[in-house]
Structure formats: C-alpha cells, structure tokens
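Please view the sequence and the structure below before reading on.

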There are 2 protein chains.
Amino acid sequence: MRRQTKQREAVLKAIAGSSSHPTADMIYDEVRKAIPEISKGTVYRNLRVLQEMGQVLELTLDGHVSRYEAKQDSHYHFRCESCGRVSDLDIPVDEDMNRRVSAITGLKVARHQLEFCGICDECQTASKKNKGG
Amino acid sequence: MRRQTKQREAVLKAIAGSSSHPTADMIYDEVRKAIPEISKGTVYRNLRVLQEMGQVLELTLDGHVSRYEAKQDSHYHFRCESCGRVSDLDIPVDEDMNRRVSAITGLKVARHQLEFCGICDECQTASKKNKGG
DNA sequence: TTAGGTGCAAAACCTTTGCCATCCC
DNA sequence: GGGATGGCAAAGGTTTTGCACCTAA
C-alpha cells in the first residue's frame, strides 16, 4: 500500500508549483529547501512512484535529461534550443490524429507527443543584446 | 578540416544501412564487424561529427538512450512502447504547422517533432501468443 | 608536415539499487 | 508490528574526455 510521506508530498509540490518542467536535479534543489536531509535517491524513487500513481509525467523529448510535470490535460510543448527550457503551449490538441494515423498505417496508435522547437523570446533578446543590436 | 576516415565511413554506413534507428551501442556492434579494433569513443565522436556535418540525426524522443538515423526528408516516427523500436511513418509532414503555431503563440517556431506511440504488430502478436489466444 | 582522428581508459553524468534504520498505517 | 519508505553510498549504464600515437591530405 502507498503511504503518504513528507518527502513524497514535497517532490510533488515542487513539480506542481513550478512552470518550468524541472529536471530531477532542480526538484532536488527545490525540495531541499524544505527538507535539507532528503537524498537524491529518494527524489528519484518518488518521481518513479508518482509516475506510477499517475500524478506526474516524465518528458524526455529531445533532451538527455528527464523533465517532469504534474499530470494535467494533454498538451504540446515548446523547447528553447538555446536555454533548454520547456513550456506548455496553449493550442488545441488534435485528439483525432491517433485514429487517422492508425487508419493510414495500420498501427495501433495509443498516443502522440508533439514538441515545437525554436528560440524563446528571452534568448532572442539576450542574443540581440550581445550583438550590440 | 574534416578528414575522411574508414571509421567515420563505417559509422555512417551502419546508420544508413539500417532501418531500425540504431543506438550508439548497436552501431558500435555493427561497425566492429568491419573494424574490430574501433573504440566506443570513436563511435560517439563520429556520431557527433556526423550530426554537425548534417548527415545524421539524433532521436531522443521519449527514450533515455539516443537513437540515430541518416538525414533524410522530414518525417514522423512511431515508437513501440513494448520493444522500444522506432520506425518511420509514411504520412505527410505538416510543414505549415510551425507557422500556424507561431501565429498563435508568438513564439519563433523553427521545427517540430511528432512521435506516435503504441504497440507494434509484432509485440501484439507475441502478446497474444503468450496469453494462449 | 601537421592538424585532425583513433584507441584506450578514466571520468563525468544521470539514474538505480542494496542495505539498514525509520516511519506510516 | 510490519511492510513501505528514507538516507546513504556504491553501482550501473550511457556518453564524454585526456593523452599519446597515428594518418589522411
């Protein structure tokens, strides 16, 4: 049976309270503010458990480090190719696309993930500054 | 200046000659058939160089291990959630989507990646067999 | 000739795991 | 009380890197 612990709560809170799709390391840093003695192993274990519980989603699109977000309605992401930040996009999800692709390919498509890439506003501004423009 | 070496050639050939989006390890195994003394470091270095040269693409969608494919026209992927295999999909790429998303979000979208997930035919067959059905 | 490339091995990095103490139910 | 959980540290897997030697151009 699953128990409720302050460590687990804190990990979930760190994710839910962030809009930046934090990495395990960022979550670890955040949680340590409240529970300084927490270990990284515990963070990773709880990330796994919270995924199993369906409360957290792991994102690995185009990055070598996993990022996490609190479970919510399906949506798409934008990743900045300069700073690596990931943000949620407020555009409609094409829920019918899985069915259409199934029809075309014959594969049983259960879900899809869509990630847009480019340079975020902040990085574009920073880049202009550096160029003196 | 970039040199042409048999190691680099062999790495590219291993990727181009495979339809399975091999991992670095799979490429290493394949290349060793021709060049037994090649080292993993060389494989990784060449994977990086070939990406810089624009001849190879790294795929990291929803997986913790990078997979590689020879550069070709933009296309979408299907990943089997059971065996992890990645295959190319023969469906049209929505090239206009970046522009539409830019218009909606105000972000400068340069590209997008779309991955469909499910269980491939082989794994479905295997699963039926195991259940005695 | 010589800068780029290779092989090897160690290091770096992210994540998982074994062990035992601890804590929730 | 007992099993789930935590802390610690070591191990695991993938990728990178330092160094001395080699080789394509």
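A residue counts as buried when its relative accessible area is under 20%, as exposed when that value is over 50%, and as partly exposed in between, with a 1.4 Å probe and protein chains only. A:Asp25, at 36% relative accessibility, is therefore partly exposed. The model is predicted, and local features need pLDDT of at least 70, side-chain atom pairs count only at pLDDT 80 or more, while totals for chains, interfaces and linings use all residues. Residues are numbered from 1 along each chain as its sequence is written, chains are lettered from A and ligands numbered from 1 in the order in which they are written, and side-chain values use heavy atoms, with hydrogens and water left out.

- A:Asp25 is placed in helix α2 of chain A; helices (H or I, at least four residues) and strands (E, at least two) are DSSP runs, numbered from the N terminus.
- Between A:Asp25 and A:Ser66 there are 9.7 Å in space, C-alpha to C-alpha, and the two are 41 residues apart in sequence.
- A:Ile38 belongs to the loop between α2 and α3 of chain A.
- Is A:Ile38 buried or exposed? With a relative accessible area of 6%, A:Ile38 is buried.
- Contact means heavy atoms within 4.5 Å. Apart from neighbours within four places in sequence, A:Ile38 is in contact with A:Gln7, A:Tyr28, A:Val31, A:Arg32 and A:Val43.
- A:Ile38 and A:Thr125 lie 38 Å apart in space, C-alpha to C-alpha, and 87 residues apart in sequence.

**Helix packing in chain A**

- Two packed helices are described by the angle between their axes and the distance between the axes. Axes are lines fitted to C-alpha atoms, for helices over the stretch in contact, and angles run from 0 to 180 degrees between N-to-C directions.
- Helix α1 (residues 6–16) of chain A and α2(A) cross at roughly 115°, and their axes come within 9 Å.
- This crossing of α1(A) and α2(A) is right-handed; a crossing is right-handed if the near helix is turned clockwise from the far one by less than a right angle, and left-handed if anticlockwise.
- From α1(A), A:Ala10, A:Val11, A:Ala14 and A:Ile15 meet A:Ile27, A:Glu30 and A:Val31 of α2(A).
- The contact of α1(A) with α2(A) has six nonpolar, no polar and one charged residues. Here Ala, Val, Leu, Ile, Met, Phe, Trp, Tyr, Cys and Pro count as nonpolar, Asp, Glu, Lys and Arg as charged, and the others, Gly among them, as polar.
- The axes of α2(A) and helix α3 (residues 40–52) of chain A are 10 Å apart, at an angle of about 115°.
- α2(A) also passes α3(A) in a right-handed crossing.
- In this second pair, A:Ala24, A:Asp25, A:Ile27 and A:Tyr28 of α2(A) meet A:Lys40, A:Val43, A:Tyr44 and A:Leu47 of α3(A).
- By class, the contact of α2(A) with α3(A) has six nonpolar, no polar and two charged residues.

**Salt bridges**

- A salt bridge is a side-chain nitrogen of Lys or Arg within 4 Å of a carboxyl oxygen of Asp or Glu. By this rule, there are 20 salt bridges over all chains.
- A:Lys33 and A:Glu30 form a salt bridge at 3.1 Å, N to O. Both lie in helix α2 (residues 24–34) of chain A, three residues apart, about one turn of the helix.
- A:Lys33 is exposed at 66% relative accessibility, whereas A:Glu30 is partly exposed at 38%.
- B:Arg79 and B:Glu115 form a salt bridge at 3.4 Å, N to O. This pair links distant parts of the chain, 36 residues apart, with B:Arg79 in strand β3 (residues 76–80) and B:Glu115 in strand β5 (residues 108–119) of chain B.
- B:Arg79 is buried at 9% relative accessibility, and B:Glu115 is buried at 2%.
- A network of salt bridges links A:Asp94, A:Asp96, A:Arg99 and A:Arg100.

**The interface between the chains**

- The size of an interface is often given as the accessible area lost when the parts come together. Buried area is the accessible area (1.4 Å probe) that two parts lose on being put together, summed over both.
- Chain B and chain A bury about 2,700 Å² between them, with 59% of it on carbon and sulfur atoms.
- On the side of chain B, B:Leu107, B:Gln113 and B:Phe116 lose the most area to chain A, together 19% of what that side buries.
- Chain B and chain A each give 33 residues to the contact.
- How many salt bridges are there between chain B and chain A? The count is zero.
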